[in-house]
Amino acid sequence: MNDSSNRIKKIGLPPGSIIYTGENPEHKIHIDILAYNDSTIKRELFDENSDLEEIKKEFKGITWINVDGIHNISLVKRIGKIFNLDSLLMEDLVNSTQRAKVEERGEYLFIVMKMLKLNLISKDISYEQVSFIVGEDYLLTFHETPGDIFDSIKARIEAPNSRMRKKSVGYLTYAILDNIVDNYFMILDEVEMEIDRLESKVINNSEREDLQAIINLKQKVTTLKRTIGPIRELISRLQTNSVAEYLNDDIKIYLTDLSDHGIIVHDTLDILNGRVTELIQLYHSTISNGMNEIMQILAIISTIFMPLSFLASLYGMNFEYMPELQSKYGYFIILAIMFILVLGMLGYFKKKKWI
């Protein structure tokens with residue numbers, strides 16, 4: 001997610017300029033419409049070339065309109081005209097670098113969140129913006145790429161005797177938000193396991209390559225903190241009296257539960273960020289301890305060889321009258337002295353617990 005390059009596209013443009021700033025402009029956009037009440041359910045699929053006037057047919061119940069692409073500016077403008085969306089809101093819809101937020105817009109509520117996807121093989125995390133426009137009896141959702149991200153919610157609605165069909169549009173909004181937040185926990189658990197793995201490796205067998213892995217992990221956690229960290233603030237905003245009017249009173253208890261999840265996500269991000277920072281310190285400490293052990297061994301070897309070098313250099317002098325030079329056992333006596341010196345020094349080092 002290259003935020004800096006995306007923001008360049010909007011530099012110098014006036015407010016309300018509808019410019020797509022994402023990176024997935026190739027796929028065809030589909031518009032999935034699910035209309036339901038406690039006794040009826042209807043589902044229709046449109047593409048970007050369809051007559052969109054049909055998407056706002058009169059229906060006594062809830063209408064959920066899901067758009068799986070935001071790169072077609074003309075399509076966004078057409079939908080905006082049908083639902084009377086202002087240009088500033090449509091600008092935010094197609095700006096994929098938006099921060100998570102909640103805005104009251106008179107006839108509807110505007111919510112922006114980030115959805116996470118985990119590549120199970122590479123463990124890379126991708127980010128996708130999801131926007132909600134909550135009206136009195138309809139919900140518009142926009143996300144960047146096609147996929148089955150909301151299939152579980154749709155399956156719950158389409159299930160026989162579904163309780164969701166008796167709920168308000170506010171409950172549908174909550175269900176989708178809860179689905180997104182629940183996915184955060186899976187991502188955070190994966191990051192925590194990655195931290196545990198690196199921590200164990202650094203403690204047991206630290207290598208220089210580990211530093212780059214830790215730095216990459218630090219960047220991943222920082223991006224997570226910046227992207228989904230505002231979730232607690234967003235959910236708290238949903239619980240205010242003015243915003244609650246858009247979501248109906250029947251979901252207050254559910255928003256309380258969602259708020260608890262938001263607090264856990266926020267606190268977990270702080271913990272993971274602290275652990276990665278400590279992991280960097282642990283790595284440097286482990287490397288430093290390794291170097292200290294090497295220096296200690298070298299110092300011990302140097303200390304042992306100092307008296308041996310002294311004796312060798314002493315008897316290397318060319319004086320005629322030196323002790324033991326003419327002795328038959330002089331060479332063996334010097335070797336014995338050297339051996340005793342080495343044993344004595346090793347014993348001393350052992351006693352001091354230096355080795």
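Trainee: Where is glutamate 192 found?
Mentor: Glutamate 192 is in helix H5. Bear in mind throughout that this is a predicted model.

Trainee: Is glutamate 192 buried, partly exposed or exposed?
Mentor: Its relative accessibility is 31%, so glutamate 192 counts as partly exposed. The band for that label runs between 20% and 50%.

Trainee: What does glutamate 192 touch, leaving out residues up to four places away in sequence?
Mentor: Leu272 and Arg275.

Trainee: And how far is glutamate 192 from serine 206, C-alpha to C-alpha?
Mentor: Those C-alpha atoms are 19 Å apart, with the two residues 14 apart along the chain.

Trainee: What is leucine 224 in contact with, beyond its neighbours within four places in sequence?
Mentor: Leucine 224 contacts Leu116, Ile125, Tyr127, Ile187, Leu188, Val191, Gly229 and Leu269.

Trainee: On to helix packing. How do the axes of H6 and H9 cross?
Mentor: The axes of H6 (residues 209-228) and H9 come within 10 Å and cross at roughly 160°. Angles over 145 degrees count as roughly antiparallel, so that is how H6 runs relative to H9. Their crossing is left-handed.

Trainee: Which residues meet there?
Mentor: On the H6 side they include Ile214, Val221 and Leu224. On the H9 side, Leu269, Leu272 and Tyr283 are among them.

Trainee: What about H7 and H9, at what angle do their axes cross?
Mentor: At roughly 160°, with the axes of H7 (residues 231-238) and H9 (residues 252-314) coming within 8 Å. H7 and H9 are therefore roughly antiparallel to each other. The crossing of H7 and H9 is left-handed.

Trainee: Which residues in H7 meet H9?
Mentor: Ile231, Arg232, Ile235 and Leu238. Their partners in H9 include Leu255, Leu258, Gly262 and His266.

Conventions
Residues numbered from 1 in each chain as written. Predicted model: local features only at pLDDT ≥ 70, side-chain atom pairs only at ≥ 80, totals over all residues. Heavy atoms only, no water. Contact = heavy atoms within 4.5 Å. Axes fitted to C-alpha atoms, helices over the stretch in contact; angles between N-to-C directions. Helix = DSSP H or I, 4+ residues; strand = E, 2+ residues; numbered from the N terminus. Parallel < 35°, antiparallel > 145°, perpendicular 65-115°, else oblique. Left-handed = near helix turned anticlockwise from the far one by under 90°. Buried < 20%, exposed > 50% of the residue type's maximum accessible area, 1.4 Å probe, protein only.
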